Amino acid sequence: MPSMPPTAASPREESTRPADRPAAWRLVVASLAVIAALTVTAAVFWEQDLQYSLPTPVPADWKPPAIGTDVLADNEVAALRAHHRGRPRLVHTFAPACPCSRFNADHVRALMRTFADRVDFVALVQCTKAGHGLESFDEQDLDIQALADVDGRIARALGVYATPQAVLLDRDGHLVYRGNYNVSRYCVDRSTEFARLAVEALLAGRAPLQTDAAAEVAYGCSLPADVEPASPR
Amino acid sequence: MNPPANPLGLRDNMQQAFDGIYDRADRLIEWLLLAHMTLAVYMASFYDTWFVTFSVGLSGLGMFLVARRLLPCTFFTRCTAGVALQVFVALHIYQLHGMAEQHFFFFTTWTAMIVYQDWRCMWPGTLLIIGQHILFAVLHNSGAQLYFFEDPYVGVRKLSFHFGIALFQVGLCGYWSVLLRRQTVATVEQHARLREASAAAERATAHKSMFVATVSHEIRTPLSGMLGMVDLLQETAKAPQEREYLDLLRRSGEALVTILGDVLDSEKLAAGRVEFVTETFDVHAALRDVVHLMGKRATDKRIALHLAIADECPRWVAGDSGRLRQILLNLMSNAIKFTASGEVRLQARTDDPFAEPVTVVVEVVDTGIGMDSSELLRLFQPFQQANVETTRRYGGTGLGLCISRGLAEGMGGSLTAASEPGRGSTFTLVLPLARADAPRQREHKTAGQSNADAARLRGLRVLVAEDNPNNQRLLTAMLKRAGCIVIAATDGRAAVERHRDSAPDLILMDCRMPVLDGVEATRAIRAAEQGRRRTPIVALSADSMLFERDRCLEAGMDEFCEKPIDGKGLLEVLRRHTAKSD
């Protein structure tokens, strides 16, 4: 703090007139208003932003398919399988209510600009049984084929438990990468753009990406917890 | 010795000045917060952050509005302003995906806070933001796998620069606030000193006015006696030499009266206390009177006097004829004084005869000694004549032109001069005057009426309340010669008693008397007259200051006459009031 001259607190300009002392109740009410406003601010920021700066809790029964697994063989991903065109696919998981999904859209758009001619992009949109959720995805203006993922079943079959996450499949439907787009909450750290690095490695025919521990610690919104038992295959 | 606790009322002035600054700043910050809110609503559409925008934005705005309404112009509200602005900075950063440019709002908000001129109120908001960042940096680096910052690890160097620059910004803004505050304090102190100096000057002026009034009174009182006695002697003196001496004595006395009048007029003009009356008068007649009055002096110096009034110059106007005469007599007197040979012309015209009010231009043109440009510059300054030689050779106080210009300007006009050394001078008086209709019938006093006036004064019972024995004797002599019966009183109380016992027809009341002064005596007489005949009371005072006149008239006197008053003037006053009471 820079040293301040005494002028600002000079007694000659500080009045001690009783009229200048605010009534105690005014001070109390104003203080409560400030505290309430700051509390609301902190709570909203926590609810909408800061909680997603911490790793998303891993579900107790989480059993992700291993890298290299033919994930399209799973009946849960039948919808995904039906649209498979024999090209690498990047599956983008999206939850309409998740702020992180909205902030992540720019990064996905950037990946599409780079790889759309060689990679198919598919969005798994978390929906209710009635299909609510797809309209929110349309508002993102992402030119991707969107699949309704009721209660996150497809995402779970792919080993995803939070949005936003990226899942990369090779042309045969084998799992190449599953994890974060980036460690930074706003996807601005280029050195940790895990999804981009995985796509580049796949297209270059390099060995599958060495999974980074930070890539697997998901940040974002949990998938719905109360999932009805999957229908029998 | 300790200085006074609150010299010059400085604390109150300071408080008032800073209350004004805080109020203005509160208003400005309110507008700034509203602007941020508007911007936030606009930016909410980028990533659909509507919920955060309205909940956080309204919280930031609300906290300041509540503080401002409940505790306006207080330190609490100033601090709240800083905190509320930081809430909006955080909101904007969040709204645009952590865009680095949104951090610039941090700098604009603290720059705006300078308006409070209080460095202290910047710190609660700053410490809140810095504390939050440090907390998150610690969590970020602690292994809690919290990703708040862009970088995987927030090092000491990054933190140092991040907060260093922020602190530098807040420090700079704070220092600028201190400079502004110092400037405000100095300005308030200077204004207080100026007010004090102004009050002291006003007190000094009031003392000077009082001094002038008192001295004037003290001189006028004996002068009044002297001139009155000269009047009486002139009527009885037979020998030509005696009459010449008396004439010289009279002129000397009148010169003294003129000087006193000039000093008093100058004083009134300086204090802005000159009053102008508006009456219908004949401009042509006023100009002729002036020429007539100056005729003897011009004849003595063998100077020709000319009067030229343009046909289109209006005759009947509304204005102060007395002041117009005073100005013209002064100009004509100067013209004759500074003209050794040749002529003096008084000419009047109007440039636009159809204008309303009509502008009358009166010029006094002489063929006198003239002046150069430097002398002209000094001409209208008080106590200044063209040069020292002029003063030595021609005499005079040097007040006349200054007063004339003051009177002209007081009537909404102007007085200017043009001159050439050796060729003479031209003084131009420009006066806007309202047109007036000619009075239907002018009073022409016939010989018969004069006789009737004289008859009415005979046997008139006049109470003369005057403490100065010389003036008492003078007034008594003048009244007795007019046939009046004089009842004398030498102080105010005696005047009240004589009024009660003798029921005079008219009272001449000196204003300054022992025991009870003229004003108090008048009040007592008016109180005693309740329901009875009202006796006219005429104030006789050597004090011609305006407030003295007002005091007398407010007390119930009917007329105010300045001393010295000559025999004719006195009889005119008597006639006026006896005519009224008929």
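In chain B, the side chains of B:Asp265 and B:Arg323 form a salt bridge in which the closest N and O atoms are 3.6 Å apart, a salt bridge being a side-chain nitrogen of Lys or Arg within 4 Å of a carboxyl oxygen of Asp or Glu. This pair links distant parts of the chain, with B:Asp265 in helix α7 and B:Arg323 in helix α9 (residues 321-337), 58 residues apart; helices (H or I, at least four residues) and strands (E, at least two) are DSSP runs, numbered from the N terminus. Both B:Asp265 and B:Arg323 are buried, where buried means under 20% relative accessible area, exposed over 50%, and partly exposed in between, computed with a 1.4 Å probe and the protein chains only.

The structure is a predicted model, in which local features need pLDDT of at least 70 and side-chain atom pairs count only at pLDDT 80 or more, while totals for chains, interfaces and linings use all residues. Residues are numbered from 1 along each chain as its sequence is written, chains are lettered from A and ligands numbered from 1 in the order in which they are written, and side-chain values use heavy atoms, with hydrogens and water left out.

Over all chains, the count comes to 29 salt bridges. One of them joins B:Asp231 and B:Arg250, with a distance of 3.0 Å from N to O; because B:Asp231 lies in helix α6 (residues 156-236) of chain B and B:Arg250 in helix α7 (residues 240-271) of chain B, the pair ties together parts that are 19 residues apart in sequence. B:Asp231 counts as buried because its relative accessibility is 17%, and B:Arg250 counts as buried at 15%. Another salt bridge is formed by B:Arg315 and B:Asp282, whose closest N and O atoms are 2.7 Å apart. Here B:Arg315 lies in the loop between β2 (304-309) and β3 (316-319) of chain B and B:Asp282 in strand β1 (residues 279-282) of chain B, so the pair ties together parts that are 33 residues apart in sequence. B:Arg315 counts as partly exposed at 39% relative accessibility, whereas B:Asp282 is buried, with a relative accessible area of 6%.

Rolling a probe the size of a water molecule over the atoms shows where empty space is left. A cavity is a set of points, on a 1 Å grid over the protein atoms alone, where a 1.4 Å probe fits but cannot get out, and its lining residues have an atom within 4 Å of a point. Grid points are joined across faces, edges and corners, and a volume is the space filled by probe spheres set on the points. The count comes to three cavities of 30 Å³ or more, and the second largest cavity holds about 60 Å³ of space. The lining of this second largest cavity includes B:Ser224, B:Glu466, B:Lys563 and B:Ile565, and helix α14 (residues 469-481) of chain B gives the most to it, with three residues.

At the surface, B:Arg423 lies in the loop between β6 (414-420) and β7 (424-435) of chain B and counts as exposed at 62% relative accessibility. B:Arg423 and B:Ile369 are 54 residues apart in sequence and 6.4 Å apart in space, C-alpha to C-alpha. In chain A, A:Val28 lies in helix α1 (residues 24-48) and counts as partly exposed at 48% relative accessibility.

Note on methods. 1 Å grid on protein atoms, 1.4 Å probe; cavity = no way out; pocket = protein on both sides within 12 Å on 5 of 7 lines; lining within 4 Å.
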